[in-house]
Amino acid sequence: MLNTFDVAHAAALEAGAILSRYFREGFTIRNKGVADLVTDADVAAERRVVEVIHAAFPDHAILGEEENAGESSAEHLWVVDPLDGTTNFAHGVPHFAVSIAYMFQGKAECGVIWNPIHDDLYVARRGHGATHNGKPIHVGQQNQMSECLIGTGFYYDRGAMMEATLSAIGDCFRQQIHGIRRFGTASLDLAHVATGLYGAYFEYQLSPWDYAAGQLLVEEAGGKVTTCDGSEMPISKTSILASNSFVHDEMQSIVSRHLLR
Ligand code: IPD
Ligand code: CA
Ligand code: CA
């Protein structure tokens, strides 16, 4: 019998192959909201992920960004972003990923993040560590923000949340960070924390499909993930602060200051 990790892995590879084909051959784009895009690749990839999961586990719930509103309280829950980084994808930027996590009783058991263009595979299994293309990964060792490169994102807001993010970025720079990056794919931002490229990453709003696999990856690589005010992560829309753990408090004092309540 297949285990959940093998299914997550197989589903991510299949969805990635679909994304690669659309990326090469063309796709249609529509707007879900102001500056929030979706393509036919997002939908086709999610449908394939659902087929692969349900072929193995017909009773499991699926919470997917495009078409699957699975209950986050389900005992067996798959959390799926079929295309994380749609804006990059739509503009021809090859920095996007499939993100799939399997959760049992509210806790992520395994997660897979796959960038099919760069052949980058990130995998985490609860209690068994995290890997990048088969090699174990660990968060960075920076003790202070002044030694760090930081990642961030803006969700799709063009109002108060965007302004709050800009204010927090200003405060990060005042701590003499090495730099800030906004690469546009939350799952890969979390992978950058897990591999030590970023000392920390924050965003004022993300959905479970953006962070479920990446959260486990960071935790299994030795890092820490909380909301921006330091609470435990829910399985719902939330702010997020992921770090190597050593700079978590210093980051939290800045990002919590600008968090909209
Ligand atoms: C988005 C990306 C982006 C982040 C947004 C997400 P999508 O996901 O991860 O980096 O800043 O908050 O919504 O819409 O491309 O799947
Ligand atoms: Ca996403
Ligand atoms: Ca998406």
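Does Leu83 count as buried or exposed, and at what relative accessibility? At 1% relative accessibility, Leu83 counts as buried, where buried means under 20% relative accessible area, exposed over 50% and partly exposed in between (1.4 Å probe, protein chains only). Keep in mind that this is a predicted model, where local features need pLDDT of at least 70, side-chain atom pairs count only at pLDDT 80 or more, and totals for chains, interfaces and linings use all residues. Residues are numbered from 1 along each chain as its sequence is written, chains are lettered from A and ligands numbered from 1 in the order in which they are written, and side-chain values use heavy atoms, leaving out hydrogens and water.

The calcium ion (ligand 3) is coordinated by Glu65 (OE), Asp81 (OD), Asp81 (OD) and Leu83 (O), at 2.2 to 3.1 Å. Donors here are N, O and S atoms within 2.8 Å of the metal (3.2 Å for Na, K and Ca), and since water is not among the atoms, sites may look incomplete. Asp81 bridges this ion and the calcium ion (ligand 2), 3.7 Å apart.

Five strands form an open sheet in the order β12-β11-β13-β15-β14, with mixed pairing; strands (E, at least two residues) and helices (H or I, at least four) are DSSP runs, numbered from the N terminus. Two strands pair if DSSP finds at least two bridges between them. β13 and β15 pair in the antiparallel sense over five bridges, and Glu203 stands opposite Ile240 in β15.
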